[in-house]
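Morning, everyone. I have one structure to show, and I'll keep it short. Here it is.

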Amino acid sequence: MRRTFLQSLALYATVIFTLVIILFPVYWLIVTALSTTNELYRLPPTFWPTDPQWNIFAKVWAAKPILMWLWNSMLAAVGSVALSMLVSVSAGYALSRYSMRGGASMGLFVLTAKMLPATLLVIPLFSIFSSFGLIGSLWTLVLAHSTMIIPFATWMLKGYFDTIPKELEQAAMVDGCSPIGAMVRVVLPIATPGLAATALYAFVLSWADYAYARTFLVNSPDNWTANLGITTMQGEYVTYWNDISAASVFIALPIIAIYLFLERYLVGGLTAGAEK
Amino acid sequence: MANISIRNVSKSYGALNVLRPFSLEIENGEFVVLVGPSGCGKSTMLKILAGLEPATEGQIFIGDREVTDLAPGDRDIAMVFQNYALYPHLTVRQNIGFGLKMRGTDKTEIDRRVDDAARILEVTPYLDRKPKDLSGGQRQRVALGRAIVRQPQAFLMDEPLSNLDAKLRVHMRAEIGALHKRIGVTTVYVTHDQVEAMTMADRVVIMQGGIIQQIAAPDELFNNPANLFVAGFIGSPGMNFLNADLRDGKLTAFGQEISLPRATTYQGPVVIGLRPEHLKLGEGPATFGTRPTLVESLGSEKYVYFDAEGARIADGEDGKSKGLIARVSHTGSLPRDQEIRLGFDPAQLYLFDAKTGERL
């Protein structure tokens, strides 16, 4: 069906309106980074700095250990993704394929863990980690982030596994695979888009964390993650928002890069052709 | 190739019996079709045979080897699934060769056998494609290729044609038949389509409610159904059934008394069965008059629907009765609601016990 001019207009207007709302904070972040301190406080605000300070990025990069913060964030996120994917893939697959006593309610119970706010878990986690002598180590973040990620990731993956026909594993088993072999050789390759989406979700969740990092790592500056590091740039008397914004741009870049890398795996439809 | 022996295999989920003790001896090279309505236990039996479901009780032998507790991959069988179950991330070549690879077959040997299977099934041009780039018929052939390449002891096929359109189904039915003749592997084939069962099978196993109703060659099933269910299931259009009373070798039906040519001592209520093609336009040894409620023309023949006292529908049908039906050769016009005469031979009547449904 061809769209009329009015329909096209309405469609594009909606898309543009949505994009403006979503991208405005990003745009404002960049504008803030590029503005001089004086211009930042000018009223009415300028929508593009009169004298863009492009050297701000180099200046901030040199002044603060941003690379180290990013590296720590990366370690925590990769560790959290690895641990939570290992658990969620197994759990999601089991919930999808094996009927067990109370299986459905167990699946829902897993989700209740997700309903607890992170701040509620901070104190018990702190007490557990300190009894294991882990406070100040990046492992605290790997474990704490996994507690946030696993419940929801398990559900995402269960839903994805549910869409893969059981006959594929049965065919693999008739072809000589063990149940685990059928999962590894047939189900997981087909589930790549689901795995990629879940891994991205896990990565973003870990990357965006501040509360856990602040609680467990505040006294170990060498292990500060990017989010924690940036907040230390806030001064007691003066805050250089342009510096903070420039640092924030650096922190956003890895997420964008990872999204671009995973995007081709996120495209669904890989199972097309398995069935009729 | 091997014979298959199924001995008293049953399956239940708690108190629910989906398969009553099931015994069947399948000869080496035989083509056996399990047929029946949905939920009759035929697919369950096939899955138990494949090792995809455990049997609650009983034993299964393939050749002289007991396989009851073996994993599917250790039974030396191949299975074709209703939805083909091709691995979407692998090419056709990898799909066909997957089972050989899992068994550690040498790479050059895999290539040789995949090429052979592809040639037999005429899928050679598509070997480097993914399943999603194939048509339904081609996917079906690849699924068959995956089965034959392993040269297994037996083929198990679970409604392999039901996803194809009508024309392709007829074509693939003939191809599977020809393939079986060519390689002669023992085959167990599950379908709900009685036409597939009748045209492909050496022997048909008719099932209902987890119970075997009859095991026989197709013609035998048609000519000598063991009970009401089999009589109603086999044949298209289905057999007509009427409630009647049998006294001293005489029946009352179609408003008249009909003498049975065969001697029978049974007295009491019976169901009589009459195949639609055994009714003829005009006079016969027994004749009655009726008004058609509906006439469907197929060109060379017509399906004439009519009502009669005591008419009943076959078990397992959809419950919507159009009354009785006669299948007559007639090319002229046959108006509805105009009196016609239909004749039949009482020797062609089937009699069933009204209580048990067993053939008398």
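I'll take the domains of each chain and then the contact between the chains.

Keep in mind that this is a predicted model.

Start with chain A. It is divided into domain 1, residues 23–54, and domain 2, residues 64–266. Their centres, taken over C-alpha atoms, are separated by 34 Å. Where they meet, domain 1 of chain A brings 8 residues and domain 2 of chain A brings 7. Which elements give two or more residues to the domain 1 side? They are α1 (5–34) and α2 (37–40) of chain A. The most comes from α1(A), with 4 residues. By class, that side of domain 1 of chain A has 4 nonpolar residues, 4 polar and no charged.

Now chain B. Here domain 1 covers 4–228 and domain 2 covers 234–353. Between the two centres, over C-alpha atoms, there are 38 Å. The contact joins 10 residues of domain 1 of chain B to 9 residues of domain 2 of chain B. On the domain 1 side, α6 (194–200) and α7 (218–223) of chain B each supply at least two residues. α6(B) gives the most, with 3. The classes on that side are 7 nonpolar, 3 polar and no charged.

Last, the two chains together. How many residues of chain B are in contact with chain A? The count is 25, and they touch 20 residues of chain A. On the chain B side, β6 (77–80) and α2 (92–102) each supply at least two residues. That side of chain B divides into 16 nonpolar, 6 polar and 3 charged residues.

That's the tour. Over to you.

Technical notes. Residues are numbered from 1 along each chain as its sequence is written. Chains are lettered from A and ligands numbered from 1 in the order in which they are written. This is a predicted model: local features need pLDDT of at least 70, side-chain atom pairs count only at pLDDT 80 or more; totals for chains, interfaces and linings use all residues. Domain bounds come from an automatic or database domain assignment. Two residues are in contact if their C-beta atoms, placed from the backbone, lie within 7 Å. Ala, Val, Leu, Ile, Met, Phe, Trp, Tyr, Cys and Pro count as nonpolar, Asp, Glu, Lys and Arg as charged, and the others, Gly among them, as polar.
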